[in-house]
Amino acid sequence: KDISLPTIKKVIRSIGQPEMPANSLKSRTKGYLLGVLGVLILSPDTLLIRLVDTSPWTFLTWRGGLMTIGMILVLSLSYRSKLLEKINAIGWLGLLIALIFAINTTFFQLSVQTTNVANTLVIIATAPLFAAILSVIFLKESIPISTWVTILICFLAVGLVFAGRLDGGHLFGNFAALISAIGLGTHFVLVRLKREVDMTPAIGLASLLTCFIGFNMSSDLYL
């Protein structure tokens, strides 16, 4: 058969330039937008925490409790009659995600109230780096050299943050942020282990667990 000229041109253009599926491109764009939105929400969140003059455990109780109520409303409206089915679908992995997310929230709260907000946000920003390292171990993903160089530079920057504040209070806050960053990176990887399962109900369980942790550790509930 004769090959038409348009077909030849199409083949030439495709060499070395693999086309990205439309669905994949949309998912990646959505991921970028959600990531930016998360940063915009997280930044003022730390300032609001510092403005509320109360113990971290009391704050965690209210934070977890209000998040639980909010998640119940959102999940009920989203899933309606399938709510219990969706909760059951998360399985043991969802329970592990909920536990890790609750621990992240707890240490994030402790960090914000015991060190500089800037320190907390800089260290928390390393969460994707931990996720990248864990994805190599558990998801067998390959990471380009440029990403490894970026990871090294970021870890050196975090080391400078620690070196600048070695007194007891700030050191604990920095370590709390580091634990939160590692946990958050672990959370990202665990969610990707079962992409086909909606793990949103796990966040609702994490909120309830956060409220339980704060309630058991707080001396009162006055804000």
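Colleague: What limits apply to the values?
Modeller: In this predicted model, local features need pLDDT of at least 70 and side-chain atom pairs count only at pLDDT 80 or more, while totals for chains, interfaces and linings use all residues. Residues are numbered from 1 along each chain as its sequence is written, and side-chain values use heavy atoms, with hydrogens and water left out.

Colleague: How are helix 5 and helix 10 oriented to each other?
Modeller: Helices (H or I, at least four residues) are DSSP runs numbered from the N terminus. The axes of helix 5 (residues 91–112) and helix 10 (residues 200–217) come within 8 Å and cross at roughly 45°; axes are lines fitted to C-alpha atoms over the stretch in contact, with angles from 0 to 180 degrees between N-to-C directions. Angles under 35 degrees count as roughly parallel, over 145 as roughly antiparallel, 65 to 115 as roughly perpendicular and the rest as oblique. Helix 5 and helix 10 are therefore oblique.

Colleague: How many nonpolar residues does the contact of helix 5 with helix 10 have?
Modeller: Contact means heavy atoms within 4.5 Å, and among the residues that meet are Leu95 and Phe101 in helix 5 and Ile203 and Leu209 in helix 10. Ala, Val, Leu, Ile, Met, Phe, Trp, Tyr, Cys and Pro count as nonpolar, Asp, Glu, Lys and Arg as charged, and the others, Gly among them, as polar. By class, this contact of helix 5 with helix 10 has no charged residues, 4 polar and 12 nonpolar.

Colleague: What is the angle between helix 3 and helix 5?
Modeller: Helix 3 (residues 56–79) packs on helix 5 with the axes 10 Å apart. The two are oblique to each other. Their angle is about 140°.

Colleague: Which class does the aromatic pair of Phe130 and Phe155 fall into?
Modeller: Rings of Phe, Tyr and Trp (its six-membered ring) pair if their centres lie within 6.5 Å; planes under 30 degrees apart count as stacked, over 60 as edge-to-face and the rest as tilted. Phe130 and Phe155 are 5.3 Å apart centre to centre, with 50° between the planes, and the pair is tilted.

Colleague: Is Ser207 buried or exposed?
Modeller: Ser207 is in helix 10 and touches Gly64, Met67, Thr68 and Met71, not counting residues up to four places away in sequence. Buried means under 20% relative accessible area, exposed over 50% and partly exposed in between (1.4 Å probe, protein chains only). At 1% relative accessibility, Ser207 is buried.
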